[in-house]
Structure formats: C-alpha cells, structure tokens
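Subject: Structure handover and notes

Dear colleague,

I am passing on the structure that you will find just below, and I would be glad if you could look it over alongside these notes.

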Amino acid sequence: MAATLIRNVVVIGAGGSLGPAVLKAFDSHFVVTIISRQSSTSTFAAKYKVRIVEDDYPTAQLLEAFKNQDAVISLISPGTSQTQYHIIDAAVEAGVKRFIPADFGYDIANANAIALLPALQIRVDIINYLKAQEEKDMTWTNITTGPFFDWGLTNGFTGFDIPNRKAMIYDNGDQPFSTSTVMLI
C-alpha cells in the first residue's frame, strides 16, 4: 500500500482522561474533528469541529462524520470494546485509511500479560479484527504506553492512596516497572 498523507483526524472519546493530551498533541498538526455522544457534558475549544452523535453511535451518523477523514483515534473506554468493532466497521465503510484503537496501556502482544489479566483478551481480539481489515485498505496503529502513572495516582490504580498517605507495596517493593504519563501519549 502506498503511503497516505494524513491531515483530517477524528477523535472519539476526547472528553475522557486521555482526550486533552491527544487534542493538544494533534491540534497544531492536523485538522481535528471531535465526535461526542449526545449525552456527554464535555465541552471543547471553539477551534474544534464537534459532531454530536447519538449515544449508540448509529452507523449513518458515523459514516457522515467519517466522510473525508484520513484517520480515526478511538479514546473510548476499553470497557466498551463491542462499540469499537462498530466504529471500526463504519471507518472501513467510509474509506478511512488509519485507525488507532482505544488500547493504550498494557502490552497485549505479551502473552504473560494476557495470562495475568484475561480481561485484556478483548483488546487482542480487536487488534486481530483490525488486521483482518487490512485487506480493505485499512491500516492501524496500536500504541502501548504502559500504565499512566499520573492517572493512576489520582484514582488509586497504581496502589497509591495519597489522601490517606498509604501505598500498596507489590512483590518486595524492589521490582522495577515501566510507566508513562498521560501527556506522553
């Protein structure tokens, strides 16, 4: 497949935890359109084109929003993986050339990670689904960041309870682990 210039980018889920960092990184280099659910209370700067769609992401509304777009970045909650299949299908039908799935964090190519966290299998399945779309001229990029340390500090995900000045020590507390920050995305 020949290289494709990517200029017009749709971001779905921009009102979530990763949205501000992704928008900041992309807005000076790309024409960004945000797809926001009808029930969302998120607001965005006037410089962005915002397309409001019904909460169940109707195919017709996605096809209209994906028209003349080069790439889709999905930032939807990983818990809504079935919705991501639907979004991928609409992107393929609309002729979008690049898809970045909502799969930040764990290295799902690592079989040990899947064995420890079987809930990650749906992410593997989505990557396999994207691979199958390659024959329809869809390309994709999966971004593995490791856990977001700053995000984990604010919600206790990494074992730190800052308000109560407590921390969960894993193993013996002397094992290195890799993280990144939300802004690094």
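What follows covers the conventions, the confidence, the sheet and a few individual residues.

This is a predicted model, in which local features need pLDDT of at least 70 and side-chain atom pairs count only at pLDDT 80 or more, while totals for chains, interfaces and linings use all residues. Residues are numbered from 1 along each chain as its sequence is written, and side-chain values use heavy atoms, with hydrogens and water left out.

On confidence, pLDDT is the predictor's own score for each residue, from 0 to 100, and the protein chain averages 84, with 88% of the residues scoring at least 70.

Strand 2 and strand 3 are joined in the parallel sense over 5 bridges, and Thr33 has Lys49 in strand 3 as its bridge partner. Ser36, which belongs to strand 2 (residues 31–37), is buried at a relative accessible area of 7% (buried means under 20%, exposed over 50% and partly exposed in between, with a 1.4 Å probe and protein chains only). Not counting residues up to four places away in sequence, Ser36 touches Phe44, Val50, Arg51, Ile52 and Val53, contact being heavy atoms within 4.5 Å.

A search of the whole structure gives 2 aromatic pairs, meaning rings of Phe, Tyr and Trp (its six-membered ring) with centres within 6.5 Å, where planes under 30 degrees apart count as stacked, over 60 as edge-to-face and the rest as tilted. In one of them, Tyr85 and Tyr129 have ring centres 5.0 Å apart and planes at 85°, so this pair is edge-to-face. Because Tyr85 lies in helix 3 (residues 81–94) and Tyr129 in helix 5 (residues 121–133), the pair ties together parts 44 residues apart in sequence. Tyr85 counts as buried at 17% relative accessibility, whereas Tyr129 is partly exposed at 25%.

Asp55, in the loop between strand 3 and helix 2, is partly exposed at 36% relative accessibility, and its C-alpha atom is separated by 5.0 Å from that of Arg37, 18 residues away along the chain. The side chain of Asp55 reaches the backbone nitrogen of Gln38 at 3.2 Å. Asn68, although not a glycine, has a positive phi of about 65°; Asn68 sits in the loop between helix 2 and strand 4 and is exposed at 62%. Asp137, also not a glycine, has a positive phi of about 70°, and this residue is in the loop between helix 5 and strand 6, partly exposed at 40%.

How values were computed
Helices (H or I, at least four residues) and strands (E, at least two) are DSSP runs, numbered from the N terminus. Two strands pair if DSSP finds at least two bridges between them. A polar contact is a pair of N or O atoms within 3.5 Å; within protein, one must be able to donate a hydrogen and the other to accept it, and residues adjacent in sequence count only if both atoms are side-chain atoms.
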